Amino acid sequence: MPDIPLTMIALLCLAALAAGWIDAVVGGGGLLLLPVLLLGLPANTPAAYALGTNKAVAIVGTSGAAVTYARKASVDVRTAVRIGLAALAGSSAGAFFAAGMSTDVLKPVIMVVLLAVAAFVILRPAFGTAPAPGPATRRQVLSAIALAGLGIGFYDGFIGPGTGTFLVLALTAVLHLDLVTASATAKIVNCCTNAGALAMFAWQGTVLWQLAALMAVFNLAGGTLGARTALKKGSGFVRVVLLTVVFALVANLAYQQWMA
């Protein structure tokens with residue numbers, strides 16, 4: 001583990017707590033946690049260590065949120081697991097190709113991803129506000145496996161930030177779920193993508209396990225609390241949190257890119 005000041009470790013733990021809450025409500029906790037790790041780790045630390053440590057932290061909070069949702073939300077667990085298995089394969093492949101990625105490449109990519117999410121949500125104000133009209137068709141499930149499983153799974157392993165948000169958007173669009181049910185389903189799928197990516201990063205030796213274990217405790221607390229909040233408040237609240245998180249992070253990354 002690199003030499004990290006105690007104050008920075010405390011900030012990383014607080015970021016893990018907030019990221020767990022955000023990720024459980026609407027996905028995208030990595031959009032907060034990964035940039036903080038990139039900034040918090042020593043300057044000469046390869047980006048792969050931030051990616052690997054992020055996965056080790058995120059899988060704990062995501063699992064806690066998934067369990068909370070599964071107990072109280074109406075989730076089609078069978079469909080979620082099928083998508084998740086495809087996502088596991090996709091994220092493993094993505095993580096394999098991520099080892100050589102540099103921080104300089106990563107930050108602009110994250111900002112472009114955020115802008116795309118913001119534009120989509122703003123242009124579709126009624127998106128995810130109504131429940132599904134009925135069970136998903138076979139074609140819809142296969143489309144979800146391809147897009148949310150293989151496609152977003154690969155992205156999760158390769159880059160990672162925003163995966164939960166993209167899963168929520170994809171599941172809402174393809175399976176016609178409301179945002180709360182989509183968030184619940186996304187947590188199960190996201191557990192699989194995190195597991196696949198983490199296995200690859202662990203095999204490559206790019207996980208800071210001691211730091212990850214400490215941050216994971218805070219991420220679990222945030223994830224469990226976030227799932228309970230989303231279940232209580234509903235889809236309208238989830239949409240507001242989504243837009244707030246996206247705009248705050250776009251502003252932060254834009255400042256780092258052009259003003260700092």
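Reader: Is Trp-21 buried, exposed or partly exposed?
Author: Trp-21 has 25% relative accessibility, so it counts as partly exposed. Keep in mind that this is a predicted model.

Reader: How many aromatic pairs does the structure hold?
Author: It holds two aromatic pairs. One of them joins Trp-21 and Phe-237. Their centres are 6.2 Å apart, with 85 degrees between the planes. That pair is edge-to-face.

Reader: Which helices do Trp-21 and Phe-237 lie in?
Author: Trp-21 is in helix α1, and Phe-237 is in helix α10, residues 235-258. The pair therefore ties together parts that are 216 residues apart in sequence. Phe-237 has 25% relative accessibility, so it counts as partly exposed.

Reader: Why is the pair of Tyr-155 and Phe-166 edge-to-face?
Author: Because the ring planes stand at 75 degrees, and over 60 counts as edge-to-face. The ring centres are 5.5 Å apart. Tyr-155 lies in helix α6 and Phe-166 in helix α7, so this pair links parts eleven residues apart in sequence. Tyr-155 is at 15% relative accessibility, so it counts as buried.

Reader: New topic. Which residues form the nonpolar patch on the surface?
Author: Leu-11, Leu-14, Leu-17, Leu-214, Val-217 and Phe-218. Together they have about 520 Å² of accessible area. Helices α1 and α9 each supply at least two of the patch residues.

Reader: Where is Phe-218 found?
Author: In helix α9. Its relative accessibility is 31%, so Phe-218 counts as partly exposed.

Reader: And α2, why is it largely enclosed?
Author: Because eight of its eleven residues are buried. Among them are Leu-33, Leu-34 and Pro-35.

Key: Residues are numbered from 1 along each chain as its sequence is written. This is a predicted model: local features need pLDDT of at least 70, side-chain atom pairs count only at pLDDT 80 or more; totals for chains, interfaces and linings use all residues. Side-chain values use heavy atoms; hydrogens and water are left out. Buried means under 20% relative accessible area, exposed over 50%, partly exposed in between (1.4 Å probe, protein chains only). Helices (H or I, at least four residues) and strands (E, at least two) are DSSP runs, numbered from the N terminus. Patches are made of residues with over 30% relative accessible area and no salt bridge: like charges are joined within 9 Å, nonpolar side chains (Val, Leu, Ile, Met, Phe, Trp, Tyr) within 5 Å. Accessible areas come from the Shrake-Rupley method with a 1.4 Å probe; for residues, only the protein chains shown count as cover. A salt bridge is a side-chain nitrogen of Lys or Arg within 4 Å of a carboxyl oxygen of Asp or Glu. Rings of Phe, Tyr and Trp (its six-membered ring) pair if their centres lie within 6.5 Å; planes under 30 degrees apart count as stacked, over 60 as edge-to-face and the rest as tilted.
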